Amino acid sequence: MIVTLEHLHSIPGYGPKPGWCNGRAREWFARHDLNWNQFRKEGIEAELLLATGCALGAALVQWAEHCEADA
């Protein structure tokens, strides 16, 4: 499954508005050696986010799965 920028910008529960801001997300991607620019253009495989072992990555994958199930 491909997780997209749309998923990142719409995930609820991480602030007063839905979504993660690009600045913090870019920092998170860098900490986990993930390509931010490629993600912005093409999305990222869910497995790569899960492989970080980070709860934020897992939450984003779970949100993307929820969105795709509702579509």
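**Figure 1. F29, a buried ring in a predicted model.** With 0% relative accessibility, F29 falls under the 20% limit and therefore counts as buried. This view, like the others, comes from a predicted model. The ring of F29 pairs with that of F39: the centres sit 4.8 Å apart and the planes meet at 35 degrees, so the pair is tilted. F29 belongs to helix α2 (residues 22–31) and F39 to helix α3 (residues 36–42), so their pairing ties together parts that are ten residues apart in sequence. F39 is buried as well, at a relative accessible area of 1%.

Figure 2. Five aromatic pairs are counted here.

Figure 3. Five helices and two strands make up the secondary structure of the protein, and their order along the sequence is β-α-α-α-β-α-α. The radius of gyration is 11 Å, close to the 11 Å that the globule rule gives for 71 residues, so the protein is as compact as a globular protein of that length. Its C-alpha trace spans about 30 × 25 × 25 Å along the principal axes. Of the 71 residues, 31% are buried.

**Figure 4. The surface and its charges.** The protein exposes about 4,500 Å², and 52% of that comes from carbon and sulfur atoms. There are 6 positive and 9 negative charges, and their mean positions lie 15 Å apart.

Notes:
Residues numbered from 1 in each chain as written. Predicted model: local features only at pLDDT ≥ 70, side-chain atom pairs only at ≥ 80, totals over all residues. Heavy atoms only, no water. Phe/Tyr/Trp six-rings, centres within 6.5 Å; stacked < 30°, edge-to-face > 60°. Buried < 20%, exposed > 50% of the residue type's maximum accessible area, 1.4 Å probe, protein only. Helix = DSSP H or I, 4+ residues; strand = E, 2+ residues; numbered from the N terminus. Rg over C-alpha atoms; globule rule 2.2 N^0.38 Å. Areas by Shrake-Rupley, 256 points an atom, 1.4 Å probe, with all protein chains shown as cover. Lys, Arg positive; Asp, Glu negative; His and termini not counted. Charge placed at Lys NZ, Arg CZ, Asp CG, Glu CD.
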